[in-house]
Amino acid sequence: MRVYVLVGGAPRKGFEQKRGLSIGVEYKGLYIVFDAGPDAYVIANNAGMSGFPLDLVDHVVVSHAHSPHVGGLEAIGWEAPFAKVYLPYASMEALGRQAQRWQLSPVEVVKETRVVDGVVVSRPFHGPPWEHFMLIELEGGRGEYALFTGCLHPGVREVLADISTRYRVTTVIGGFHLETAPPETVRRFAEDIALRLRAERVYPLHCSGGLVGELLSERFKLDVRYLRTGDVVDL
C-alpha cells in the first residue's frame, strides 16, 4: 500500500498548504482518497505534484463533514466523475447533494461498510460531529490493518473499544485533534494507542500536535513519523 500525503503536514517545496487533511492511497491497483482537504485548488495541485492520479480515483471516504476535510471533493468530481464517495451519517441532505452536483456518487455510512476486499469503513461514532474511520489490511497476509483517522472527535477510547476487538491495528495515520489538548488528555491518548490498541507505527497529521508524538516515541517506544504534505510512504 502506497500512501500520499496530499494535505496535512508542513508542505514540501511546490506544494500548497491550508489547514485540512487529505490522504491518497494506492492499494491493489485501486486509488482511494481519505478526506478531501480544504479546497479544490489545493488538492488538485498537490495530487499533481505528488503523482497521485485523481482521474483514476475509485473511492473517496470522508471522515466527517467539516470543511477542511470536504472542500476538495469538487476537484475529484472534475477528474473522476461518478466515483463513489462514502459520507458520514446524517450528512446526505447537505453534503450528499453537493457531491451529486459535483458528479460524485454519494453513499451514506450507517453501519460498518466494506468498500472492497481489505478496505472497510467503520460504523459511525458521534463526537459531535458524526465521524467514521477507514481500515485497510496491510499486505503480507498477517491480518494487520492500518487505521486512518480524520480528527477522532468521538474520542479515542470509544473508537478503540469497538475497533480493537475485531481488527489488529498496527499502524495509525491521520489527525488526532490534540493540538490544544491538556497534557493529561494527550498522555491518556498515547496510553490508549500504545497499550490498548498495541499499535507499532503512528503517523500524526493535521490537528495532532507535537506532544503526542513525543510521548509515543520516547515513553512507549513506538515508531513515530510526522509526515509532510508531499510525502509518499509505503506501508
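Which residue in β14 does Ile 173 stand opposite? I looked this up before anything else. Tyr 203 is the residue facing Ile 173.

**Ground rules**

I am working with a predicted model, where local features need pLDDT of at least 70, side-chain atom pairs count only at pLDDT 80 or more, and totals for chains, interfaces and linings use all residues. Residues are numbered from 1 along each chain as its sequence is written, and side-chain values use heavy atoms, with hydrogens and water left out. Helices here are DSSP runs of H or I with at least four residues, strands are E runs of at least two, and both are numbered from the N terminus.

**The sheet**

I then followed the strands. β13 (residues 168-175) and β14 (residues 201-205) run parallel and are joined by 5 bridges; two strands pair if DSSP finds at least two bridges between them. Both belong to an open sheet of 7 strands with mixed pairing, ordered β7-β8-β11-β12-β13-β14-β15. At the edges I found β7 (113-116) and β15 (223-224), each with a single partner strand, so one side of each has no neighbour in the sheet.

**α6 against α7**

Next I turned to helix α6 (residues 183-196) and helix α7 (residues 211-219), which pack at about 45° with axes 9 Å apart. The axes are lines fitted to C-alpha atoms over the stretch in contact, and angles run from 0 to 180 degrees between N-to-C directions. That angle makes α6 oblique to α7; under 35 degrees counts as roughly parallel, over 145 as roughly antiparallel, 65 to 115 as roughly perpendicular, and the rest as oblique. For the contact (heavy atoms within 4.5 Å), α6 supplies residues including Phe 189 and Ile 193, while α7 supplies Leu 215 and Leu 216, among others. By class, I noted 10 nonpolar, no polar and 3 charged residues. Nonpolar covers Ala, Val, Leu, Ile, Met, Phe, Trp, Tyr, Cys and Pro, charged covers Asp, Glu, Lys and Arg, and the others, Gly among them, are polar.

**α5 against α6**

Helix α5 (residues 156-163) packs with α6 at about 10°, their axes 10 Å apart. The two are therefore roughly parallel. Phe 189 and Ile 193 of α6 turn up in this contact too, along with α5 residues including Val 156 and Leu 160. I noted 5 nonpolar, no polar and 4 charged residues here.

**Salt bridges**

Last, I checked the charged pairs: the structure holds 18 salt bridges, each a side-chain nitrogen of Lys or Arg within 4 Å of a carboxyl oxygen of Asp or Glu. One of them links Glu 93 and Arg 97 at 3.1 Å, N to O. Both sit in helix α4 (residues 92-101), 4 residues apart, about one turn of the helix.
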